[in-house]
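Here is a short walk through one protein structure. Keep the sequence and the 3D view side by side as you read.

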Amino acid sequence: MTYQDYEEARDVAMKQIGGAEIAVVLGSGLGDYAEEFEDVREIKYRDIPHFPVSTAPGHSGKLISGTKAGKRVLIMSGRMHMYEGIPLEQIAFPIRVLKLMGVKNLILTNAAGGVNASFRPGDLMLITDYINLTGRSPLTGPNEALFGPRFPDMSQAFSKELRQAALESAQEMNLEIRQGVYCWMSGPCYETPAEIRMIRLLGADAVGMSTVPDVMAAVHASIKTLGISCITNMAAGMLDQPITHQEVLEVGKKVQSSFRGLLDRVIEKL
Ligand code: HPA
């Protein structure tokens with residue numbers, strides 16, 4: 001990828017849907033959040049030059065702009081995962097294009113397995129920090145200094161200020177919200193019970209297959225990031241039942257209205 005590739009993508013996307021200072025990446029099951037927005041414009045990922053295309057079920061593959069509470073927001077409906085075989089550099093590509101489209105605040109959402117035994121399926125968790133057990137990074141390779149430094153500081157990967165806004169939003173709604181550490185695993189297999197015991201010992205509260213490469217690219221490009229997980233299932237071995245993608249999507253659907261309400265309020269505060 002060259003800087004020019006990012007600029008080409010920006011030019012095409014901006015021409016069709018315009019820019020914004022806020023962006024939201026929708027995780028599994030949240031794909032239709034954009035339905036509630038006004039003055040919606042959209043472009044398919046495949047119509048944006050160099051843009052990777054998502055193949056995971058529940059991820060539609062459109063970049064949408066719309067207005068909510070008087071604010072213009074860009075929405076990525078459909079994200080790309082490492083397990084799809086998409087090179088990590090390409091996974092960071094959309095985040096960098098968002099940066100060039102004017103984004104200053106990014107909200108990353110995902111479906112995740114609950115590792116903390118006090119969590120329940122349907123809980124929402126503000127991500128306070130992450131553990132990267134894949135050993136991989138989308139920033140591997142020559143540094144693109146026009147976006148950011150070679151060695152980005154990750155001591156506040158998820159913005160304290162945005163987390164505060166999310167906590168206040170939850171409080172206003174009387175919505176109980178969890179907080180915790182998200183562990184990035186490469187998938188596509190769900191984890192083994194032994195892996196889950198290990199990551200609990202390491203300090204993780206939730207586990208999933210996304211979000212961390214996105215936040216790495218965002219922080220590198222000085223975008224403030226908020227991460228919210230929907231705990232769709234208890235992680236492997238915690239209950240005497242298998243984990244299915246069906247269950248992940250169903251629980252995602254069930255909490256959709258509180259999840260959307262929370263996103264709406266956070267967007268209002270930005
Ligand atoms: N593990 C990994 N990713 C997930 C899970 C899980 O249990 N649930 C939803 N995404």
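Predicted model: local features only at pLDDT ≥ 70, side-chain atom pairs only at ≥ 80, totals over all residues.

Residues are numbered from 1 along each chain as its sequence is written, and side-chain values use heavy atoms, with hydrogens and water left out.

Start with charge. Side chains of opposite charge can pair when their charged atoms come close. A salt bridge here is a side-chain nitrogen of Lys or Arg within 4 Å of a carboxyl oxygen of Asp or Glu. A search of the whole structure turns up 13 salt bridges.

Take Glu21 and Lys104. Their side chains form a salt bridge, at 3.7 Å from N to O. Glu21 sits in the loop between helix 1 (3-17) and strand 1 (22-26), and Lys104 in the loop between helix 2 (88-100) and strand 5 (105-114), so the pair ties together parts that are 83 residues apart in sequence. Helices (H or I, at least four residues) and strands (E, at least two) are DSSP runs, numbered from the N terminus. How accessible are the two partners? Glu21 is partly exposed at 47% relative accessibility, and Lys104 is partly exposed at 48%. Buried means under 20% relative accessible area, exposed means over 50%, and partly exposed lies in between (1.4 Å probe, protein chains only).

Now move to the strands. Arg72 pairs with Asp39 in a salt bridge, with the closest N and O atoms 3.6 Å apart. Arg72 belongs to strand 4 (residues 71-77) and Asp39 to strand 2 (residues 38-44), so this pair ties together parts that are 33 residues apart in sequence. Arg72 is partly exposed, at 22%. Asp39 is exposed, at 55%.

Strand 2 also holds Glu42. The side chains of Glu42 and Lys62 meet in a salt bridge of 3.6 Å, N to O. This pair links distant parts of the chain, with Lys62 in strand 3 (residues 62-68), 20 residues from Glu42. Glu42 is partly exposed at 37%, and Lys62 is partly exposed at 24%.

Some charged residues form a network. Salt bridges link Asp32, Glu36, Lys68, Arg260 and Asp264.

Finish at Leu146. Where does Leu146 lie? Leu146 is in the loop between strand 6 (124-132) and helix 3 (160-173). Leu146 is exposed, with a relative accessible area of 61%. The C-alpha atoms of Leu146 and Lys44 are 26 Å apart, and the two residues are 102 residues apart along the chain.
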